[in-house]
Amino acid sequence: MSQYVNVAVPLPMRKVFTYRIPDEYQPQCGARVLVPFGNKVITGIIVEVNVAPHPEAKPIVELLDETQPAILPAVLELTRWMADYYLCSWGEALAVALPRELAPQSVVRVRIVRYPTAEELDLMRRRAPKRAHLLEILKQHTEPVTIAYLEQQLQSESITAQLDALEELGYIELLRSIEGKASLRTERYVAVAPELLLNPDQLEHTLEALERRAPKQAAALQSLSQYCARHRELLPWKQAIEIAGTSSAVLKALIAQGFVQQVIGEHSRLEQGGELSLAPERSELELPLTDEQEHAVARITEALMAGKAKTFLLHGITGSGKTLVYMHALRAVLEAGKTALVLVPEISLTPQLIDRFRNAFGTAIVAFHSRMSAGERYDAWRAMRRGQVRIVLGPRSALFSPLQDLGLIIVDEEHESSYKQESPPPRYHGRDAAVVRGHIEQAVVVLGSATPSIESMYNAATGKYHLLELSHRADGATLPTIRVVDIRQERKSGTLNGRFSQQLLQAIITRLQRKEGVLLLHNRRGFAPRLECPECGHIPHCSSCNVALTYHKRTEQLRCHYCGRAYRVPDHCSQCGNPTMEAIGAGTQRIEEELSALLKQHALEPVIARVDTDATAAKGSLRRILHDFAHGRIDILVGTQMIAKGLDIGRVTLVGVVNTDMQLYIPDFRAAERTFQLLVQVAGRAGRRAEQPGEVIIQTAHPEHTAIKCAKLYRYDLFYNDELQERREAHYPPFARLVLVEFSSTDPEQVERHAQAFAHYMPRGSNAVTTLGPVRPTVDRIKGRYRRVVLVKGDRQLDPGGAELRRALLSAWSAYNERHASSSVRLSIDVDTQSSL
């Protein structure tokens, strides 16, 4: 006999599938199962049990969670909401809630078993060139290769038909295996035999006997006994050798005689902190609270004690002590016996925050993010599921952590666009999903920022969120003075040194002489945005994307920052043959090089380091850079927006913004908001100690722009009021929902037809839904695929919950799928998009 369950699978299919499970099992909702799907085996999640029998239901391959489901009920409900709101499948939503290490699947590898003769290959090239190319690729490999690798080599969407034909003809063999199952890491531990530890007389007799015949063993046993008596814990093998002051041979001899026991135990791969700590020496919970901080902590604690869902917006200027408010709220949660989540927008914020929180809460907190190894993520997830950790800190994906009794969710820097997942689906917003999980769990949510998003502040103004404000810096520190330098005037007067005004350069020199820290923001990595021929104006572009290639001088490469391809730097212009190509514009590499050269002219040779995704790719590199900078071993940090948020380093007294205008005029209605936020955030890194006031110098060719004027004055209220009025008139968020429907194909005419068809099927005549486009986006080809977009607006006043908007989209999607859907055209729907056209 069998029982039947519905399973959500991680595929773009908006339905669940029924499978059979033997009666001896007791399946639970949220449990992982390996199920057959087509010719693959994938990990699905049981979302419904005891369903009606289905005659064509296949049996599961394996029930992976027999006692405790991997997905908590609250996370199941959250992902169900995400699937409905963000128009993805439930399986896709559940996939982000499950670390890859917990989602094994079948992997198919291909091995060549017989290569065709010359005549067979010639005939195949004429009749089936794709198959011939496949065999030519496989001939170059002695080991089996994955289908994904072959598709990449062929630049093809699917090669299943070709592989099936080649297997049937006897040229290849398809090897199937299930891979990706996480495993525990084990380690050898030792402990002194209990009968010796519990019987001092017997231990003394044993030591005396060993002393006469094996003094090294006696000394080792005595050291180990003293340690085990004090600490009452197992000793890792290497540590035992160090404590005993002896060799492996001596330890093995003690084990052989039964004086010491050896145990194979689980070894945690979780980080427990190290020498390169970025935290203060003492716990920040010992610091006194300001009146504003006390008020914020009191309101949050009251909500925690009430045990009902509530969302706060904590608007605190930079340096006002929002982190200290978080810590006190976290302490209240732990005292109430509950758990907490702390979300940060980027991994760049994690090293210092995790150190500060670990300093306050010890091993009760764990980090969870993509830069951890697979083993570290698995161990962290198991520790959460077992209730061994009480606080989890990480980026948006940490929202799905399996924490029981969740009482508090903190979303730090809630305004950051990196909380929105762009691809693949589900294209969810971590901040908004956090508010929903808080509602599901009846937990308190705290959204914190010095520059709240327009949407969040509007929610606070209309009563949806409870606004808390911190208007003064803590510790008596004052906000740094901001000076705006008009680069146009600098150029006219001839006082511009490369990309540095005289004011900025002199301010840097002064700080170096005082041994103070300097941060320089330049929000573009690489050496130069492009190379250009000075004769004909030709600019090298990516062969797969419609973008100029970025010049990286250190590696002598041209790189595409969209698809990741790298090209050799040309030694001449490919169009006119001119032997020189000029680097136009500047990235962080060029800023670092120019600044070093300028300072040498003043007999200064400071240590300059970069903080961008290129410089911090290696694990632990960001922590080392920040630690060295905090301790004065690095004088200047040149970085992208990674340095603009969350850093609290007291020796920073100068922040320079090399070029403010790079994102000010991009085709995005949020451009002004993001510029204002970036300027205020990076300015806040300076002068965070009362004894060392800070200064900020902003270089711009548009000092009259509202975003720059308001940032200079630290007037969030002025900017918010102006921006809100413009959004109201243009019908943009928070007054409307925006949905970006994107189409992509290798055929530009085909993608245009499909986008036109979808726009045609969007319902007309409703004031609540407006369809614009299709249009060609600014970057209209990425990774060899041409793009078209349709923008759909939903009026929040006429359609408060967005139900009519979703119905319209689903209706058009259904009609499109019936008449036009093609495997060669990809369609994606991005609800509440953060992308620019």
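**Figure 1. A network of salt bridges in the predicted model.** Glu284, Arg356, Asp648, Arg688 and Arg689 are linked in a network of salt bridges, a salt bridge being a side-chain nitrogen of Lys or Arg within 4 Å of a carboxyl oxygen of Asp or Glu. By this rule the count comes to 38 salt bridges. Residues are numbered from 1 along each chain as its sequence is written, and side-chain values use heavy atoms, with hydrogens and water left out. Because this is a predicted model, local features need pLDDT of at least 70 and side-chain atom pairs count only at pLDDT 80 or more, whereas totals for chains, interfaces and linings use all residues.

**Figure 2. The salt bridge between Glu136 and Arg125****.** The side chains of these two residues meet with an N to O distance of 2.6 Å. Glu136 belongs to helix α4 (residues 129–139) and Arg125 to helix α3 (residues 118–127), so the pair ties together parts that are 11 residues apart in sequence. Helices (H or I, at least four residues) and strands (E, at least two) are DSSP runs, numbered from the N terminus. Glu136 is partly exposed, with a relative accessible area of 25%, and Arg125 is also partly exposed, at 44%. Here buried means under 20% relative accessible area, exposed over 50%, and partly exposed in between (1.4 Å probe, protein chains only).

**Figure 3. Two further salt bridges, Arg514 with Glu516** **and Asp628 with Arg633****.** In the pair formed by Arg514 and Glu516, the closest N and O atoms are 3.6 Å apart. Glu516 is buried, its relative accessible area being 12%. The side chains of Asp628 and Arg633 meet at 3.1 Å, N to O. Asp628 counts as partly exposed at 25% relative accessibility, and Arg633 counts as partly exposed at 44%.

**Figure 4. The surroundings of Arg670****.** Arg670 is found in the loop between β29 (652–657) and α22 (671–683), and is buried, with a relative accessible area of 5%. The side chain of Arg670 makes a polar contact with the side chain of Glu455 at 3.1 Å, and reaches the backbone oxygen of Thr833 at 3.2 Å. A polar contact is a pair of N or O atoms within 3.5 Å; within protein, one must be able to donate a hydrogen and the other to accept it, and residues adjacent in sequence count only if both atoms are side-chain atoms. Leaving aside neighbours within four places in sequence, Arg670 is in contact (heavy atoms within 4.5 Å) with Glu455, Arg727, Pro733, Thr833 and Gln834.

**Figure 5. Helix α15, residues 374–385****.** This helix has 12 residues and reaches 17 Å from its first C-alpha to its last, close to the 16 Å expected at 1.5 Å a residue; the expected span is 1.5 Å times one less than the number of residues. Of the 12 residues of α15, 11 are buried, so the helix is largely enclosed by the rest of the structure. The buried residues include Tyr378, Trp381 and Met384. Just after α15, Gly387 takes a positive phi of about 80°.

**Figure 6. Confidence along the chain.** The chain averages a pLDDT of 89, and 96% of the residues score at least 70; pLDDT is the predictor's confidence in each residue, from 0 to 100.
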